[in-house]
Amino acid sequence: MKCSDLEWPNEKKDRCVPKLQDFLSYTDDTIVLVISLVSTLLSFLTFLILITFILHQNTPIVKANNRNLSFLLLVSIMLSFLCVFLFLGHPVDLTCILRQVSFGILFSVAVSCVLSKTVIVCIAFRATKPGSSWKLWIGSKWSNYLVLFCSSIQIMICVVWLALAPPFPELDTHSSQGKIIVQCNEGSVIGFYSVLGYMGVLAIISFIMAFLARTLPDSFNEAKYITFSMLVFCSVWIAMIPAYLSTRGKYMVAVEIFTILTSSAGVLGCIFFPKCYIILWRPKLNTRSHLLEGRR
C-alpha cells in the first residue's frame, strides 16, 4: 500500500503515519521564543527612544533635520520589529498576505524618511550661504511629500501584487522526507522581488546622498550616521539573498526574520543612539550655540 502525500511509512513499513508539520511553532521551537523576546525588547527600546524625543522635542538636537520625520521613522522601525510576529506560528491566508506587504511598506516608509532627512541636510548647508535661494525650501512641507511619494510607489507595487497573485499558505510534501513544510507561497515571485528591489533602490540612493554629505560642517549633521545606517542596511539585505535562497522551510523564514531585526536595529542604533547619548548624558551639547558653532 502506498502512503498518501500527507503520510509516511513507519519504521516497520507496515502502516502509514502522519508526517510532522514543519513551521516556526510557538510550542516546539525555542528559536521562536528567542525571536519573540528580541523583537519585543527592540520595539520597547524604540518606544522609549520615541518618548525621549517627544519629551525633548523643543531641543536643538531633536529639531534638527525635521523632528516629525524622526517621529515617523521611529514609529515605522517599532512596527517593523513587531511585524516579525506575522512570520511566526502556523501560516494562514491573512498572515501570508500581511507578512511581506507589512514589512515592505514599513521599511519603505523608514528608508523614505532617511532619504528625506539626507536631502534636508544638503539643503540646510546650501541655505547658509548668503543670498541662497535654498532658504525657501527650509521649513516647507516638501519633505513630508517626498516620504509620501516614495511610500506610495511601494504601496502601489503591493496592491498590484495582491491583485494579480497574492501570497497563500501551502503544504510542501516533497522537499523534505517525513515532513510537511507549511509555508507561504509568495504567489508572484516578480511581485516579491519588486518589493525588495524598490526598497533596495531607496536604500542605495539614501546611502549615496548621505555619503556625499557626510563631511558637511554641522554639529548635528545626521549624514554620517545615515551613511553607517544605510551601509548596515544594504549589507544585511545583500547577505540575506543567498542565505534565503539556499534554505527551505522554517529556516528560510528565520533568515528573513533575522534580516528584518538586524537591519532595523542597525538604522535605530546608527541614527538615534548618538542623539540619545547627547540628550540624556551630554545635555550641554544640546544647545543652539553648539549647533551654530558646528556650522561655522
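**Figure 1. Buried charged residues K250 and D22.** In this predicted model, K250 and D22 are both buried, and their side chains meet in a salt bridge with a nitrogen-to-oxygen distance of 3.6 Å. The pair links distant parts of the chain, with K250 in helix α8 (residues 250-281) and D22 in strand β3 (residues 20-22), 228 residues apart. K250 has a relative accessibility of 14% and therefore counts as buried, the limit for that class being under 20%.

Figure 2. D29 is buried, with a relative accessible area of 12%. The structure holds two salt bridges, and D22, D29 and K250 are linked by salt bridges into a network.

**Figure 3. The aromatic pair F107 and F233.** Across the whole structure, a search finds twelve aromatic pairs. F107 belongs to helix α4 (residues 93-127) and F233 to helix α7 (residues 223-245), so the pair ties together parts that lie 126 residues apart in sequence.

**Figure 4. The largest nonpolar core.** This core has 65 residues, and those with the most contacts inside it are F53, F103, F233, W237, I257 and F272. At least two residues of the core come from each of the helices α1, α2 (60-63), α3 (67-82), α4, α5 (142-164), α6 (189-212), α7 and α8. In soluble globular proteins, nonpolar side chains tend to be buried together.

**Figure 5. The surroundings of F53.** When its neighbours within four places in sequence are left aside, F53 is in contact with V62, S70, F71, L74, F272, K275, C276 and I279. One of these partners, F272, is itself listed, like F53, among the residues with the most contacts inside the largest nonpolar core.

**Figure 6. A nonpolar patch on the surface.** F44, F47, L48, I51, I54 and L55 make a nonpolar surface patch of about 550 Å². Among them, L55 is found in helix α1, and with a relative accessible area of 67% this residue is exposed.

**Figure 7. V201 and C234.** V201 lies in helix α6 and is partly exposed, with a relative accessible area of 43%. The C-alpha atoms of V201 and C234 are separated by 9.8 Å, and the two residues are 33 residues apart along the chain.

**Figure 8. The setting of the close-up views in the whole protein.** The secondary structure comes to nine helices and five strands, which follow the pattern β-β-β-α-α-α-α-α-β-β-α-α-α-α when read along the sequence. The protein has 296 residues, of which 48% count as buried, and its accessible surface comes to about 15400 Å², with 68% of that area belonging to carbon and sulfur atoms. Of the contacts with a separation of 6 or more, 71% are between residues 24 or more positions apart.

Key. Residues numbered from 1 in each chain as written. Predicted model: local features only at pLDDT ≥ 70, side-chain atom pairs only at ≥ 80, totals over all residues. Heavy atoms only, no water. Phe/Tyr/Trp six-rings, centres within 6.5 Å; stacked < 30°, edge-to-face > 60°. Helix = DSSP H or I, 4+ residues; strand = E, 2+ residues; numbered from the N terminus. Salt bridge = Lys/Arg side-chain N within 4 Å of Asp/Glu carboxyl O. Buried < 20%, exposed > 50% of the residue type's maximum accessible area, 1.4 Å probe, protein only. Core = buried A, V, L, I, M, F, W, Y, C linked by side-chain atoms within 4.5 Å. Contact = heavy atoms within 4.5 Å. Patch = residues over 30% accessible without salt bridge, like charges linked within 9 Å, V, L, I, M, F, W, Y side chains within 5 Å. Areas by Shrake-Rupley, 256 points an atom, 1.4 Å probe, with all protein chains shown as cover.
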